[in-house]
Amino acid sequence: MSPSGPGYLGAGSTIRTRIALVYGGVFLVLGALLLLVVNLLVRAGTDGEKEAIVARAGEVAVVEAYRIGDDVGRAANEQMLMWSCLALLVIACGAVVVGWWTAGRVLRPVHEMTARARRLSERDLGGRLAVRGPDDELKELGDTIDALLGRLETAFDSQRRFVANASHELRTPLATQRAALQVGLDEDCEVRRILLDTNRHSERLLDGLLLLARGERGLAEREDVPFAEVVAEEYEDVVVAGDGVVRGSRVLLRQLVRNLVANAVAYNVPGGAVDVRVAGGVLTVVNTGPVVPPDEVESLFEPFRRGAGRDRTGPGAGLGLSIVRSIATAHGGTATAVARGAGEGGGLVVTVTLPATVTRRA
């Protein structure tokens with residue numbers, strides 16, 4: 001049912017409410033049609049009976065008989081119409097109640113499936129809905145979801161194994177290359193310096209990719225982390241307006257702050273400033289720097305995108321803000337940025353908002 005279609009009751013309505021109201025509405029319409037037909041038939045029958053009564057009266061009493069017949073017929077029709085409408089409304093309310101109860105019975109398996117699926121998504125993908133009952137549409141839906149969960153579990157396990165294997169297999173040759181360069185070439189050799197810089201850049205790129213993959217994979221375990229404390233560990237000059245507890249990974253949250261501050265410093269201008277503030281679960285980092293066109297701000301969160309004046313051979317890997325957004329999303333939060341104008345000193349205002357419970361005010 002589309003939002004613009006008939007019967008749409010808004011985003012807050014439930015299927016059970018809609019079924020109950022539709023059930024009551026259909027009953028009300030059909031009942032009204034039934035009462036209309038009954039009233040028309042009764043009115044026609046009353047008119048016929050009135051003519052028969054008048055025909056049996058004498059000539060003198062004809063006028064009086066007509067008048068009495070009209071009064072009796074009118075009173076009977078009014079009484080029947082009033083009580084019929086009242087009965088219709090009462091029965092319609094009863095139909096809504098019955099529809100509500102019936103919908104609850106019908107949709108109870110759906111609520112159970114939803115609750116099980118929510119618990120599975122919060123813990124792991126190892127469980128299944130395991131819907132029992134007759135081989136109907138609901139059981140078919142449950143079996144389909146179980147099959148989907150099985151494929152997702154296989155895919156996530158494959159990704160975890162790939163990340164672990166890639167971490168081991170790629171780090172080892174890079175470490176070996178670095179050791180060979182440090183031992184095999186003189187310290188004053190220019191080629192040695194270039195190769196070591198390239199090697200370090202590759203290691204940073206590998207670390208960034210693995211961290212990005214870990215953040216996009218989600219959090220397997222969560223703990224209560226004082227967010228302001230984590231920010232203060234990475235940046236001493238932070239302004240704390242209120243501490244908040246975030247449910248997540250302390251290691252990833254530290255990496256989020258580290259990347260965000262490092263990005264603000266790397267893209268700053270000589271003599272520029274970096275302002276870091278935290279209030280509850282909201283971290284705001286403001287820096288001076290090159291003026292970024294507003295329509296290019298969102299693209300800075302894409303992997304391997306660098307700001308003005310940065311190339312692929314520089315110290316950064318182009319993953320800083322991508323990792324920040326990935327970690328924020330894994331914690332159920334958001335990461336956004338707003339460009340500052342030239343009159344404000346350029347740069348960005350990056351805001352990370354995480355769901356947190358405020359525990360104290362500074």
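Mentor: Let's begin where H5 passes H6, a crossing that is right-handed. A crossing gets that name if the near helix is turned clockwise from the far one by less than a right angle, and is left-handed if the turn is anticlockwise. Before going further, note that this is a predicted model, where local features need pLDDT of at least 70, side-chain atom pairs count only at pLDDT 80 or more, and totals for chains, interfaces and linings use all residues. Residues are numbered from 1 along each chain as its sequence is written, and side-chain values use heavy atoms, leaving out hydrogens and water.

To place our part in the whole, the protein has 7 helices and 7 strands; these are DSSP runs numbered from the N terminus (helices H or I, at least four residues; strands E, at least two). Along the sequence they are arranged as α-α-α-α-β-α-β-α-β-β-α-β-β-β.

Now, what do we need in order to describe a packed pair? Axes here are lines fitted to C-alpha atoms, for helices over the stretch in contact, with angles from 0 to 180 degrees between N-to-C directions.

The cut-offs are under 35 degrees for roughly parallel, over 145 for roughly antiparallel, 65 to 115 for roughly perpendicular, and oblique for the rest.

Next, follow H6 (residues 250-266) to its meeting with H7, where the axes come within 9 Å and cross at roughly 150°. That angle makes H6 roughly antiparallel to H7. The handedness of the crossing between H6 and H7 is left-handed.

Finally, look at H7 itself, which spans residues 320-330; 9 of its 11 residues are buried, so H7 is largely enclosed by the rest of the structure. Buried means under 20% relative accessible area, exposed over 50%, and partly exposed in between (1.4 Å probe, protein chains only). The buried residues of H7 are Gly320, Leu321, Ser322, Ile323, Val324, Ser326, Ile327, Ala328 and Ala330. For the protein as a whole, 31% of the 362 residues are buried. Just past the end of H7 you will find glycine 332, with a positive phi of about 80°.
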